[in-house]
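Here is a short briefing to read alongside your structure. Take a moment to look it over, and then we can go through a helix and some charged pairs together.

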Amino acid sequence: MTLPLDPAENLAALIRCPSVTPAEGGALTALANMLKPLGFSIERPVFSESGTPDIENLYARLSGDGPHLMFAGHTDVVPPGDESAWKHPPFSATIDNGEIYGRGAVDMKGGIACFAAAVARYSAEHGPFKGSISFLITGDEEGPAINGTVKLLEWAKARGERWDAAIVGEPTNPERLGDMIKIGRRGSVSGTIVVHGVQGHAAYPHLAENPVRGLVTLVEGLLDPLLDEGTQDFQPSNLEVTTIDVGNPATNVIPAKATASFNIRFNDSWSEETIMAEIHNRLDRAAATTRLRPGRETPINYELLWRDRPSPVFLTRDDKLIGTLSASIEAVTGRKPQLSTSGGTSDARFIKDYCPVVEFGLVGQTMHMVDERAALSDLEMLTRIYQRFLADFFA
Ligand SMILES: [Zn+2]
């Protein structure tokens, strides 16, 4: 049996599987084929929920005495978009000028390929692990994320699995390998405001109630003042109005309702509950400051609908995990990584309820783009970083 020692070969095998969410595309089988010769036991639980596609996931476990390290990630990828715009076909894994092309090369089949190679090299050098390693891999990260990491964690926990630390192999480096470890993430909530008015003739406004005026007042109340100025570990919280919709094609009609949607990325000065309460307060305050037509003093009639599931904010404070990974990165790249909480949400927000978690993978510059690609030299360096981390973590 051949061991998956070469990260580029591992990555090529994964890229050739067209695993656009929710399709497994052969990617989990390819990963299982890498891990079996290393002694991993492999399970492929499928999770379902009405209204969402069934998703196949993978949990692989290598058992030994000592700490249990989880490597987490996803083999699903976003669609390639216009395939003719790619320099090389998106599922071909073509190597050109020291780079391997393909959808998922950096987000995040590359991270998985390197971690598998690191485990293989570590085993070849050190023999059996003084501890346990598991791969917790979902096929539902880029999609609705309902039948993926959340259920996989619950499933594994119900079988008695416990972890001491986790690394998520998402691409965390903005420009060069070694730039950045993510040690936390901001939270996210989204909502829609609906203002109800009374439809009427634009020339007879006393008979109508224009909801657009009310909506503008509410949106202004949402945006001012700033939510906060940032904290020691996080950038300032941010509220973006993402759309304002009236959908009124006529110039002589006052519309019946107007809506606006917003998304908030909040830092650790808030929780999901306190940020949502703050938004309710701001809207109520703005609704009470009636800036309607003179002679009409009705408060703004609005509803606030929260959308999707809010994501919590989190910050990992595990000096051993962060310190060991930082030192490994510095030893291989010569760069001291920045410890960051920037960017969007990731599956780390679910893992943090089970064990300390950090994220470190490839350079993210081409993720989700046409011509997504990873430098072969980065794959080799990331493998060495992971291998060094394994040596120190299990020392
Ligand atoms: Zn990803």
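Which side chain meets that of R384 in a salt bridge? The partner is E380, at 3.1 Å from N to O. Please keep in mind that this is a predicted model. The structure holds 15 salt bridges, and a few of them are described below.

**A pair within helix α9**
- R384 and E380 both sit in helix α9, four residues apart, or about one turn of the helix.
- R384 is partly exposed, with a relative accessible area of 44%, and E380 is partly exposed at 24%.

- K151 and E49 form a salt bridge of 2.8 Å, N to O.
- K151 counts as buried because its relative accessibility is 18%, below the 20% cut-off, while E49 is partly exposed at 38%.
- R61 and E161 form a salt bridge too, with their closest N and O atoms 2.7 Å apart.
- R61 belongs to strand β4 (residues 58-62) and E161 to the loop between α4 and β9 (165-168), so this pair ties together parts 100 residues apart in sequence.
- Both R61 and E161 are buried.

**Helix α1**
- Seven of the nine residues of α1 (residues 7-15) are buried, so the helix is largely enclosed by the rest of the structure.
- Among the buried residues are P7, L11 and I15.
- Their cover includes α2 (27-35), α3 (109-126) and α9 (376-393).
- D6 caps the N-terminal end of α1, with a side-chain oxygen 3.0 Å from the backbone nitrogen of A8.

Note on methods:
Residues numbered from 1 in each chain as written. Predicted model: local features only at pLDDT ≥ 70, side-chain atom pairs only at ≥ 80, totals over all residues. Heavy atoms only, no water. Buried < 20%, exposed > 50% of the residue type's maximum accessible area, 1.4 Å probe, protein only. Helix = DSSP H or I, 4+ residues; strand = E, 2+ residues; numbered from the N terminus. Contact = heavy atoms within 4.5 Å. Polar contact = N/O pair within 3.5 Å; in protein donor to acceptor, adjacent residues only side chain to side chain. Salt bridge = Lys/Arg side-chain N within 4 Å of Asp/Glu carboxyl O.
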